[in-house]
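Please keep the sequence and the model in view while reading.

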Amino acid sequence: MNIKNLYCTLIVIFSCIVNANAQEVLTIEEAMKIALENNFEIKIAKNNSTISETNVTVGNAGILPKATASIVDNNSVTNSTQVRQDGTSTTLNNAKNNSLTYGVTLGWTVFDGMRMFARYDQLKELQKLGDSELKRTILLKIGQVNSAYYDLVQQQQQLSALDTTIVISKQRLELAQNRFTIGKASKLEVLNAQVDLNSDQVALLRQKESYANAKILLNQYLARDPKINFTVVDEVTVDDKLVLADLLDLAQKQNPALESQIINKRIAELQLKQVKANRYPTVNLTSGYNFAESQSSLGFTSENSSKGFTYGFNASMNIFDGLNQHRNEKVAKLQIENSQIAIEQQNLILNTQLSTAFQTYLTNLELIDLEENNEAIAKQNLEITLDKFRIGTITTIDFRTAQLNYVNAKVRYSNAQFEAKLSEIALKELAGNINF
């Protein structure tokens with residue numbers, strides 16, 4: 001091998017390596033991991049959950065005392081005149097007066113009808129609600145990633161099917177040209193073969209467009225650059241062992257929407273406790289240590305100062321507030337009733353969705369077996385038709401029909417796998433059981 005040929009070989013190898021690196025093979029596990037780390041809506045839901053967790057403190061519930069430091073400094077320059085009872089008067093222009101007060105006060109609500117403790121429990125329930133919303137967002141986004149990923153697998157399989165039919169169409173065109181050359185076929189047969197090949201190439205271009213757009217959509221769900229190029233694993237594995245009773249049981253325990261409704265009822269019950277607390281007295285303890293200084297240019301006292309400890313308590317109780325207490329309790333009870341109704345409604349919706357989706361899932365599983373068998377038959381039929389076409393015992397129309405039947409069978413088989421996978425994802429999402 002001379003230097004020129006060696007150089008050309010190295011260039012070809014290098015190009016293949018670069019192309020291989022550019023085509024990242026993305027697995028579904030990697031896609032879900034990237035989505036969990038990058039997806040914007042998941043990030044927002046995580047932050048909201050953290051906010052709910054941060055708010056769960058005894059101080060936020062009002063259980064702890066509050067200490068406040070304050071300082072007040074007042075100054076004035078005035079023209080003053082004082083008239084005494086004996087008739088004498090004193091006048092002073094630009095009289096300066098100063099008053100300075102500072103200190104620390106402490107206030108503590110020691111009893112408020114147990115409202116503070118109900119509030120603390122409510123904050124805990126709000127944290128659980130934030131966690132449930134985070135779980136719902138994650139399940140939704142992971143479901144979207146799964147759907148987009150397996151849509152890409154389907155698109156990739158359809159590209160493969162169209163590549164196959166183009167290879168067959170090229171063979172047909174070559175055979176037609178050879179037969180035309182030796183006088184066993186007409187020019188019309190060659191033209192028909194060329195038209196069908198062009199139609200297949202157009203379909204391939206359309207499919208490449210759909211495939212590229214599906215990649216962009218998946219990159220969007222993964223919150224990364226839309227131009228990142230990759231391929232997906234060319235396989236769809238459908239879990240055919242799902243049982244409706246198990247899914248219904250899991251949904252009762254794990255479905256985020258149902259979980260949120262149950263938490264909302266608990267929050268409403270705690271809200272009623274806080275409203276009822278207004279029937280009881282509120283007792284506050286107060287204490288402080290204060291300093292006060294004042295100076296006056298005119299008057300009997302030119303300077304005054306004081307410091308010391310203060311303490312005390314105050315108590316208050318609602319006697320009559322225009323029946324607002326009764327109204328507020330009635331509203332809070334109705335909110336609890338609404339929460340219970342929402343739970344029952346969500347249960348019905350969930351059971352309906354699961355039952356409907358499971359029926360679709362069973363149908364799609366049957367379609368997979370049927371379309372797989374159809375594809376095998378169509379492939380066998382195409383092979384026989386191709387052999388007969390080579391020896392000229394069938395027409396080009398019969399050959400084209402067999403060719404299209406095979407392509408359509410492959411596409412239907414791919415679609416059946418995709419639809420079954422979507423059904424599986426939907427069922428696991430409703431049950432709150434998508435693995436990620």
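Predicted model: local features only at pLDDT ≥ 70, side-chain atom pairs only at ≥ 80, totals over all residues.

Residues are numbered from 1 along each chain as its sequence is written, and side-chain values use heavy atoms, with hydrogens and water left out.

Helices are DSSP runs (H or I, at least four residues), numbered from the N terminus. Their axes are lines fitted to C-alpha atoms over the stretch in contact, with angles from 0 to 180 degrees between N-to-C directions.

| Helix pair | Axis distance | Angle |
|---|---|---|
| α6 (residues 244-254) and α8 (residues 324-391) | 11 Å apart | about 150° |
| α4 (residues 115-181) and α5 (residues 187-221) | within 8 Å | roughly 165° |
| α2 (residues 28-38) and α3 (residues 40-54) | within 6 Å | roughly 50° |

**α6 and α8.** With an angle of about 150°, α6 is roughly antiparallel to α8. Angles over 145 degrees count as roughly antiparallel, under 35 as roughly parallel, 65 to 115 as roughly perpendicular and the rest as oblique. Contact means heavy atoms within 4.5 Å. On the α6 side, Leu244, Leu247, Leu248, Ala251 and Gln252 take part. They meet Asn347, Leu350, Asn351, Leu354, Ser355 and Phe358 of α8. By class, these residues are 7 nonpolar, 4 polar and no charged. Here Ala, Val, Leu, Ile, Met, Phe, Trp, Tyr, Cys and Pro count as nonpolar, Asp, Glu, Lys and Arg as charged, and the others, Gly among them, as polar.

Helix α8 itself has 68 residues. From first C-alpha to last it reaches 96 Å, close to the 100 Å expected at 1.5 Å a residue. Glycine 392 follows α8, with a positive phi near 80°.

**α4 and α5.** These two helices are also roughly antiparallel to each other. Their contact holds 19 nonpolar, 12 polar and 11 charged residues.

**α2 and α3.** The angle of roughly 50° makes α2 oblique to α3. Ala35, Leu36, Glu37 and Asn38 in α2 touch Phe40, Ile42, Lys43 and Lys46 in α3. The classes are 4 nonpolar, 1 polar and 3 charged.

**Lysine 141.** Is lysine 141 buried or exposed? Its relative accessible area is 7%, so lysine 141 is buried (under 20%; exposed is over 50%, partly exposed in between, with a 1.4 Å probe and protein chains only). Lysine 141 sits in α4. Beyond its neighbours within four places in sequence, lysine 141 contacts Asn39, Glu41 and Ile42. Its C-alpha lies 9.0 Å from that of methionine 32, 109 residues apart along the chain.

Technical notes. Expected span 1.5 Å × (residues − 1).
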